[in-house]
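Notebook open, structure loaded. I want to go through the inside first and then the surface.

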Amino acid sequence: LYALKSESVTAADWLANNVFAADLSMDSLRGARIALSSLTDDARAIAQMDRHWFCGDSLLPNTASLPEKSFDVVVGNPPWEKIKATRHEFLRANGHDRHYGAIYDRIDEAAYSDHRAQRVSYAQLLNERFPTMRSGEPDLYKPFIELSLRLARPGGHVAMLVPAGLI
């Protein structure tokens, strides 16, 4: 999630004070930082901009601490997945090379049970914070878009990357 405030200032000042970001991927943040660094030769501005960047889950409270209703433009790439635990994804996340339809021959049931409990807890936390999560299936795009709309000022713009299948 990248949010921008616009003002009539130099590129360095704009970067230092008006570009906020949150992402689960440090590599994604690094790529964005490199691209934006090409707009200025002011290392101080880039260092100041970094203070507004957060590597972590922007949906969790008190993590990204982005000011609501203050951004002219909010650009995001929502996660298009449901909040549920599947054995397949659990095994893949734990280093097992497998494909859908393969037999589940080895799974640590205790670890998988803990994983499922964490997913349920995460969904409950999002349900408390985002009313859109309370109806239908627990899709991650719902709170992500709700947060984006909260961040945009009245008259601001929200732009989201969406899967081709959705279009």
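Before anything else, my cut-offs: I call a residue buried under 20% relative accessible area, exposed over 50%, and partly exposed in between (1.4 Å probe, protein chains only). Helices (H or I, at least four residues) and strands (E, at least two) are DSSP runs, numbered from the N terminus.

Housekeeping: this is a predicted model, and local features need pLDDT of at least 70, side-chain atom pairs count only at pLDDT 80 or more, while totals for chains, interfaces and linings use all residues. Residues are numbered from 1 along each chain as its sequence is written, and side-chain values use heavy atoms, with hydrogens and water left out.

Entry 1, strand β2. I looked up which way its side chains go: V19, A21 and D23 point one way, F20 and A22 the other, and all are buried. With five of the five residues of β2 (residues 19–23) buried, the strand is largely enclosed by the rest of the structure. Next I checked its pairing (at least two DSSP bridges between two strands). Three bridges join β2 to β3 (residues 53–55), and the two run parallel. A21 has W53 as its bridge partner in β3.

By nonpolar core I mean a set of buried Ala, Val, Leu, Ile, Met, Phe, Trp, Tyr and Cys residues joined through side-chain atoms within 4.5 Å. The largest one has 16 residues, and L59, I83 and L126 have the most contacts inside it. Two or more of its residues come from each of β4 (71–76), α5 (109–129) and α6 (141–151). I then listed the contacts (heavy atoms within 4.5 Å) of L126. Leaving aside neighbours within four places in sequence, L126 touches L59, I83, M133, L140 and P143. There is also a second, separate core of eight residues, W53 and L15 among them.

I found F71 in strand β4, buried at a relative accessible area of 0%. Its C-alpha atom is separated by 9.7 Å from that of G155, 84 residues apart along the chain.

Is L166 buried or exposed? Exposed, with a relative accessible area of 55%. L166 sits in the segment after β5.
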